[in-house]
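Here is a short tour of one protein model. Keep the sequence and the 3D view open as you read.

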Amino acid sequence: DEEFDTIILDDVLSDAAHPEKALAEAMRLLRPGGRILLLSSLAGRDADDLRDRYSEWAEAQGMRLARPRVIPNKSPVWLLAVATPADRAIAAA
């Protein structure tokens, strides 16, 4: 519990059977003031739909999600979001 300042979920949530559970586990491991970086390849995915799903999953876990943004200079294109626990949130970078 509370072992990590930053947790990176790289192309995990969009294909997870239970993304809320994956976020809950990441929150358990996150130190107060920490953040979770969510990355997902947009190859064959709709960015707006994925943004909405990220927001729903984060909200269900009591997290504040910074506005997800597309990283266009990569191939495939990626979506990046930063989540922080709402009850111990810091300004997401």
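E20 sits in helix α1, which spans residues 19–29. Helices here are DSSP runs of H or I with at least four residues, strands are runs of E with at least two, and both are numbered from the N terminus. The model is a predicted one: local features need pLDDT of at least 70, side-chain atom pairs count only at pLDDT 80 or more, and totals for chains, interfaces and linings use all residues. Residues are numbered from 1 along each chain as its sequence is written, and side-chain values use heavy atoms, with hydrogens and water left out.

Buried means under 20% relative accessible area, exposed means over 50%, and partly exposed lies in between (1.4 Å probe, protein chains only).

**A negative patch**

E20 belongs to a negative surface patch, together with D46, D52, E56 and E59. Patch residues have over 30% relative accessible area and no salt bridge, and like charges are joined within 9 Å. Asp and Glu count as negative, Lys and Arg as positive; His and the chain ends are not counted. The charge is placed at CG of Asp, CD of Glu, NZ of Lys or CZ of Arg. Which element gives the largest share of the patch? Helix α2, residues 47–60, supplies that share, with three residues.

**Salt bridges**

How many salt bridges are there? The count comes to seven. The rule asks for a side-chain nitrogen of Lys or Arg within 4 Å of a carboxyl oxygen of Asp or Glu. Three of these pairs are set out below.

| Pair | Closest N to O |
|---|---|
| R45 and D15 | 2.7 Å |
| R53 and D49 | 4.0 Å |

Start with R45 and D15, which form a salt bridge. R45 lies in the loop between β2 (30–41) and α2, and D15 in the loop between β1 (4–10) and α1, so this pair ties together parts that are 30 residues apart in sequence. R45 is partly exposed, at 28% relative accessible area. D15 counts as exposed, at 55%.

Next come R28 and E25. Both are in helix α1, three residues apart, so about one helical turn separates them. R28 is partly exposed at 36% relative accessibility. E25 is partly exposed too, at 37%.

Then look at R53 and D49. These two are four residues apart in helix α2, so again about one helical turn lies between them. R53 has a relative accessible area of 27% and is partly exposed. D49 is partly exposed at 38%. Some bridges also share partners: D1, E25 and R28 are joined into one network.

**The nonpolar core**

In soluble globular proteins, nonpolar side chains tend to be buried together. The largest nonpolar core in this model has 20 residues. Such a core is a set of buried Ala, Val, Leu, Ile, Met, Phe, Trp, Tyr and Cys residues joined through side-chain atoms within 4.5 Å. Which residues have the most contacts inside the core? They are L9, I36, L38 and Y54. At least two core residues come from each of β1, α1, β2, α2, β3 (63–65) and β5 (78–85). Helix α2 gives the most, with five residues.

I36 lies in strand β2. Is I36 buried or exposed? I36 is buried, with a relative accessible area of 0%. Between I36 and E20 the C-alpha distance is 13 Å, and they are 16 residues apart in sequence.

**Two positive phi angles**

Most residues other than glycine have a negative phi. E2 has a positive phi, near 50°. E2 is in the segment before β1 and is partly exposed, at 43% relative accessible area. D11 also has a positive phi, near 60°. D11 lies in the loop between β1 and α1. At 29% relative accessibility, D11 is partly exposed.

Note on methods:
Patch = residues over 30% accessible without salt bridge, like charges linked within 9 Å, V, L, I, M, F, W, Y side chains within 5 Å. Areas by Shrake-Rupley, 256 points an atom, 1.4 Å probe, with all protein chains shown as cover.
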